Amino acid sequence: VELHTHFDGALRAETIVELARSKGIELPVDNVRQLKEATSCVNEEEKSLEKFLQLFPYFYKVIKGDRKVLRRCALEFCEDQAKQGALYTEVRFLSQLMTSEKSEAEADPENDCLTDDQVIQVLLDGFAEGSRRYGINVKSLLTCYRPLPELAAQTVELCKKYRTKGIVGLDIAGDPKTYPHEPNDEFVKAFQEAKRLGIHRTIHAGESGSVEDVRQAIEWFYADRIGHGYFLVHDEELYDKVKKDRIHLELCPTSSLTTGAVPSFKNHPAKRFINDGLNFSISSDDPICCNCGINDEYKLIYNEWGYDYSVLTKSTFNAAHSSFLPEEEKKQLIEQLEIIYGMK
């Protein structure tokens, strides 16, 4: 079960290069190998979330406003998740960055001018078909983007509109160090409205910036889950609260190195979270950047970190229990897992 993966960060490098060439879009690299090297920041001496995100605008150039491409990428995502052994996945995306300008639609008669609603419909249809085709279950989260506060309220409305059609929650992403929050800013108000509407909420926090971002996620945004949360180790009182309240932590080990959130796997905060029995699960975050999927992350935890199968099992069941599925569907997922793990 995977709870933290980004659609734009899970595109296939081969697909991006192929589409860029066919559309005449110039990339800062010449081939798939170079794209993988650039996205993984392998040649960067100093890693940061800002550098990690610098190629994402190129990803959007090749997919935005293109109905067929969005559908293709949704199906490819499902196929890749099935190959990684994921039974259930929550994938998050920013619909507003995949819409098209009217001029783009006029230049390509086969594509109409895709709105937020149409982008969501295309992706949800693609995930639903991919789920059926590959025998998995994919649901979605809509993402607010810290550089775009003017779209926060609209994103909540879209969550409300599609909550019975495949959208199961709300996310916020972007570098909080560059775009810090203020009390009652547009994002805070949007997430408070989401809470009022009963929409589940997860917050990127504790990956860049400071531990204060985690505090804000809990106190201002009413987070059900925290994406990353590594800086929790710098505040023992907040750490104890997260442990006591069983707030779920979506841990992405490989990306934490790629973004510079942690300097190395030695003394990684995730190890303390696991050892202390916090409510955690393991995810891949952005496979194209991290060059790994959920199965690869599980292998890392087992082979390199030295944890046994019980920890991997705990991650899977923690994720299932903390998923944003409706209760009846969550119960069915847990029962499926109990059969697979020989508990029934």
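1. Basis. This is a predicted model, in which local features need pLDDT of at least 70 and side-chain atom pairs count only at pLDDT 80 or more, while totals for chains, interfaces and linings use all residues. Residues are numbered from 1 along each chain as its sequence is written, and side-chain values use heavy atoms, with hydrogens and water left out.

2. At the start of α9, the backbone nitrogen of Phe187 lies within 3.0 Å of a side-chain oxygen of Asp185.

3. Surroundings of α9. Phe187, Val188, Ala190, Phe191, Ala194 and Leu197 are buried (under 20% relative accessible area, 1.4 Å probe, protein chains only). These buried residues pack against β3 (137-145), α8 (152-161), β4 (167-173) and β5 (200-205) (contact means heavy atoms within 4.5 Å).

4. Helix α16 (residues 309-322). Here 14 residues should span 20 Å, and the end C-alpha atoms are 20 Å apart, in agreement. α16 is mostly covered, with 10 of its 14 residues buried, including Val311, Leu312, Phe317 and Asn318.

5. Helices α5 and α7. α5 (residues 67-83) packs on α7 (residues 116-134) at an angle of about 35°, with the axes 8 Å apart (lines fitted to C-alpha atoms over the stretch in contact, angles running from 0 to 180 degrees between N-to-C directions).

Technical notes: Helix = DSSP H or I, 4+ residues; strand = E, 2+ residues; numbered from the N terminus. Buried < 20%, exposed > 50% of the residue type's maximum accessible area, 1.4 Å probe, protein only. Polar contact = N/O pair within 3.5 Å; in protein donor to acceptor, adjacent residues only side chain to side chain. Expected span 1.5 Å × (residues − 1).
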